Amino acid sequence: MKAGIVGLPNVGKSTLFNCLSNAKAQSANFPFCTIEPNVGVVNVPDPRIKKLEELVNPERVIPATVEIVDIAGLVKGASKGEGLGNQFLGNIRETDAIIHVLRCFDNENIVHVDGNVNPIRDKETIDIELQLKDLETVDKKLEKVKRAARTGNKEAIKEEETLLKIKDALESGISVRAVELSDEARAEFVKPLQFITDKPVMYLCNVDDDAAVSGNKYVDQVKEAVKDENAEVLVLAVGTEADITELEDYEERKEFLADMGLEEPGSAKLIRSAYQLLNQQTYFTAGVKEVRAWTINKGSTAPQAAGVIHTDFEKGFIRAEVIKYDTYVEFGSEAKVKEAGKLKVEGKEYIVQDGDVMHFLFNV
């Protein structure tokens, strides 16, 4: 699962990507410096895996990860191919969620493609380009569906109704994710088309140091503008975050954060939020060989969770032994949990909960 970082040129996307992934994406003070998307696999900060490591003392520890994609800056006209726009929009289509970076700081030394700082205008510029691209997609699909609907095909008639509703919304500047549709219509007619504006979105306000803790007037404007979107707004001083990642010494990092009034790097919160945005959760396996965080979709059953380790585990699933994370920590070991009768045995219908410590029995 991938989260794509989008925004206008020079809003801090590549700097953010660098400090998230410790990769060094090219970052320069002019548009179209990034053309090919950079992909970073980022560890998800999770204190639970550290605690399990202390208790189990395994040979190795493998945390959960999330893939972050740095997509080049979009400009007005991107949907018509302006500034390599079609290529960039294609890159966004391949992601599963969007982190939309908005410039919320003043700095005369960093150029803004539209001449001045205005995060609401910037957001609208990107939204319009993404909506126009989705409009292109819906128009192409409607051509085919209308022909089938004219023959009286009931399924095609239902699909046409759904697509026309989406077309009307997009033409009114409303993103696909905000259109009221039944779950059935979304699954059947919307999901296969991979609309860009149907992807879950999080807004990241890139601020200067002074606004890192409590935001500023630009952040307030963004929060007001997106209040009906059911989207998270995060505030991050991206330039400062980049400075923090350059510090090798843990104590130095801690001191730097304390000076700013922060308990942890904002990037850690962002990675966790991206994980949530992608509808992901974690379960653990814990043994002397390895303590590992496994990533599954929320709502996964025990066999589906087992299948993440190996497809044979899902095919031959018999049962799962489950210990709640808090129970594991309370008793300190699997053996003591068993002694206390707190280990649960679950079957195929069990819905895995975030933080479950699991062991699977299977037979192929």
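What share of the contacts in the chain with a separation of 6 or more comes from residues 24 or more positions apart? And then, please, take me to strand S5 (residues 97-103).

A: Happy to. This is a predicted model, in which local features need pLDDT of at least 70 and side-chain atom pairs count only at pLDDT 80 or more, while totals for chains, interfaces and linings use all residues. Residues are numbered from 1 along each chain as its sequence is written, and side-chain values use heavy atoms, with hydrogens and water left out.

To your opening question: residues 24 or more positions apart account for 68% of the contacts in the chain with a separation of 6 or more, where contact means heavy atoms within 4.5 Å. Of its 364 residues, 49% count as buried, that is, under 20% relative accessible area, with exposed being over 50% and partly exposed in between (1.4 Å probe, protein chains only).

Now to S5. In this strand, 7 of its 7 residues are buried. Both of its faces are covered: Ala97, Ile99, Val101 and Arg103 are on one side, and Ile98, His100 and Leu102 are on the other.

Next come its neighbours in the sheet. Strands of a sheet pair through backbone hydrogen bonds, either parallel or antiparallel. Here two strands count as paired if DSSP finds at least two bridges between them. Strand S1 (residues 2-6) is joined to S5 by 4 bridges, and the two run parallel; Ala97 of S5 is the bridge partner of Ala3. S5 is also joined to strand S6 (residues 201-206), again parallel, by 6 bridges, and Ile99 stands opposite Met202 in S6.

Stepping back, S5 belongs to an open sheet of 6 strands in the order S2-S4-S1-S5-S6-S7, with mixed pairing. Strands S2 (38-43) and S7 (232-236) stand at the edges with a single partner strand each, so one side of each is left without a neighbour in the sheet. From one strand to the next, the twist averages 25°; axes are lines fitted to C-alpha atoms, for helices over the stretch in contact, and angles run from 0 to 180 degrees between N-to-C directions. Helix H1 (residues 13-21) lies across S1, S2, strand S4 (65-70), S5, S6 and S7, at about 40° to S2.

On a 1 Å grid over the protein atoms alone, a cavity is a set of points where a 1.4 Å probe fits but cannot get out, and lining residues have an atom within 4 Å of a point. Grid points are joined across faces, edges and corners, and a volume is the space filled by probe spheres set on the points. There is 1 cavity of 30 Å³ or more, and the largest cavity holds about 60 Å³. Its lining includes Ile98, His100, Val201 and Tyr203; S5, helix H4 (119-150) and S6 are the elements that each give two or more residues.

Notes: 1 Å grid on protein atoms, 1.4 Å probe; cavity = no way out; pocket = protein on both sides within 12 Å on 5 of 7 lines; lining within 4 Å.
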